Amino acid sequence: MTPILLRYGRHIFLRFNDGAKSRAWLRNMFQRVNARQREHGTGFTINIGFTHEGLKALGLSERALNTFPEAFRVGARGRANVVGDVGPHAPERWEGGLGGPDIHAMVLVRTDSDKGREEATRILQEEMGSAGGLEVRFIQDTMATNESGIGSEGEHFGFADPISQPPIEGADTPSYPGDGVLERDGTWRPLKPGEFLLGYEDEVGPGGTQMPEPFELRVNGTFVVFRKLYQDVAVFRRYLATAARSLYGSDDQHNRDLVAAKIMGRWPSGCPLDLSPDKDDPAIAADPDRRNNFTYEGDDEGLRCPLGSHLRRSNPRATPLKRATAVRRHRLLRRGVEYGPHLKDDALDDDGVDRGLINLFIQADIERQFEFVQAEWMKGGEFLGLDPSEQDPINGVGGEGSQMSVPGAKRPFLFDLPTFVTVKGGEYLFVPGLNALRGIIDQKY
Ligand code: HEM
């Protein structure tokens, strides 16, 4: 049977104005949540996550509300300083009130066509209209170009994505060498489920993350971080050309791709620099058993793959770090999908269209996972022995004085990097398991 592709996404952000009416609406929508499309016969799937303010508005008890971890209670806006959402990324500039007290829930609709998306929205809005007591505050659409509908496979800067995803013990999703945790004998194993799903064994213990309470409220639930990340493609392309000319003497395609690869840690094809540092190898990129099968071992200085590249920062694998860190405790499930149309091939000037990546990061502990990666690994260089002010070239705050260096290389690397990616919104959400959702609706907690 041909699989149904759910490439069309819509994130609908809601405010609950009336707890009782909002619970009535949720009770009615319950049957659709998390259900597989074929099971309920409609052309779309629905997931729903709540902010701390949202759970409060739904009438969750003070006692239960207080058992949520601090990062979630404070929310994305309140944690902006912690994760480096400052300057161009600051919440004062975010869209639609995202991260603020008036966003209570995010409904994620995924479907197979634009028509299906409109149909799903019409049904949801009709139901909201008749329930009353809630309103739509912001809508964000996405359009995945790959078949699974969860990734972008050729995101706006031109890189294959996603490739590396942490596999979960007991889940029947495919996993490949390099995805999981590196064992002493060189093999890779999946991560314990509690790293991503509450109520299960994680990488340190049988119970996993112990918050929120009671157990029934957290079991089968998870935390999701929503990020709207604007990508300035024209500036990225111009920078590649300028850097290629100054480093390698010409801005031909190979040299531009080489600069892009140094920034990302993979060639645009997806082939990792660790396996092929000097030229792209499409055969590796096309082979799921090879393209993620590397550890950075033997490249402590970052001569093959720069220490400060996006890939090496976001999962340093076996890189010796300056601070003792268990890399397996900082993994993220990523669901990144594009929004906005691609900039025309070869265009070097911006067309004024909003485009970028909608990233959903899924984990059991926002502080230990998303926030740690963002704050420690993206926003500084110390953990790798680089200058403390050196940031991730993709997600940093650029500008005069910013740099990406390669210690030990004949010349330092990139200077005055522009801000290629700007945060336009963020949200911290709790996605309860189905029983917990029913309990929330029934005011059990
Ligand atoms: C617009 C912004 C971003 C772009 C264009 C981008 C792009 C990419 C690409 C092309 C890859 C390589 C594909 C792969 O290995 O799966 C990647 C990997 C990754 N990115 Fe990003 N990314 C962005 C933002 C972020 C942010 C904000 C985080 C976390 C705070 C993040 C975390 C990761 C992780 C964990 C990996 C996998 C690394 C590995 O396992 O080796 N990315 N990203």
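Author: Start with one definition. Two residues are in contact if their C-beta atoms, placed from the backbone, lie within 7 Å. Also keep in mind that this is a predicted model.

The part to look at is helix H13, residues 367-378. Check its length first. A straight helix of 12 residues would span 16 Å at 1.5 Å a residue. The end C-alpha atoms of H13 span only 14 Å.

Now see what is hidden. A residue is buried if 20 or more other C-beta atoms lie within 10 Å of its own. In H13, the buried residues are Gln-369, Phe-370, Glu-371, Phe-372, Val-373, Gln-374 and Trp-377. Their cover includes three helices: H5 (70-78), H6 (80-83) and H12 (310-314). It also includes strands E7 (222-231) and E9 (356-363).

Next comes the ligand. It is surrounded by 27 residues, and the closest are Phe-159, Ile-163, Ser-164, Ser-314 and Asn-315. E7, H12, E9 and H13 each give two or more residues to this shell. H13 gives the most, with four. By class, the shell has 14 nonpolar, nine polar and four charged residues.

Asn-292 sits between helix H11 (282-285) and H12. Setting aside neighbours within four places in sequence, Asn-292 is in contact with Ile-163 and Ser-164, and also with Tyr-176, Pro-177, Gly-178 and Asp-179. Asn-292 counts as buried because it has 24 C-beta neighbours inside 10 Å. Gly-180 is 112 residues away from Asn-292 in sequence, yet their C-alpha atoms are 10.0 Å apart.

The buried residues of H10 pack against helix H9 (233-248) and H12. Val-259 is one of the buried residues in H10. Just after H10, Gly-265 takes a positive phi of about 95°.

Now turn to the cores. In soluble globular proteins, nonpolar side chains tend to be buried together. Here the largest nonpolar core has 62 residues. Val-107, Phe-223, Val-224, Tyr-428 and Leu-429 touch the most other members. Strand E3 supplies the largest share of this core, five residues. A second, separate core of 42 residues includes Ala-243, Val-259, Phe-294 and Phe-420.

Leu-429 ties several pieces together. Not counting residues up to four places away in sequence, Leu-429 touches Gly-49, Phe-50, Thr-51, Met-106, Phe-223, Val-224 and Phe-226. Two of these partners are paired with each other: Met-106 in E3 is the bridge partner of Gly-49. Strands E2 and E3 (residues 105-111) run antiparallel, over seven bridges. E2 (residues 44-50) is largely enclosed by the rest of the structure, because six of its seven residues are buried.

Phe-420 lies in the loop between strand E11 (414-415) and strand E12 (421-431). It is buried because 21 other C-beta atoms lie within 10 Å. Beyond its neighbours within four places in sequence, Phe-420 is in contact with Gln-231, Asp-232, Val-235, Phe-236, Ile-394 and Gly-398. Arg-312 is 108 residues from Phe-420 along the chain, and their C-alpha atoms are separated by 18 Å.

Note on methods:
Residues numbered from 1 in each chain as written. Predicted model: local features only at pLDDT ≥ 70, side-chain atom pairs only at ≥ 80, totals over all residues. Expected span 1.5 Å × (residues − 1). Buried ≥ 20, exposed ≤ 12 C-beta atoms within 10 Å, placed from the backbone. Pairing = 2+ DSSP bridges. Near = placed C-beta within 6 Å. Nonpolar A, V, L, I, M, F, W, Y, C, P; charged D, E, K, R; others polar. Core = buried A, V, L, I, M, F, W, Y, C linked by C-beta atoms within 7 Å.
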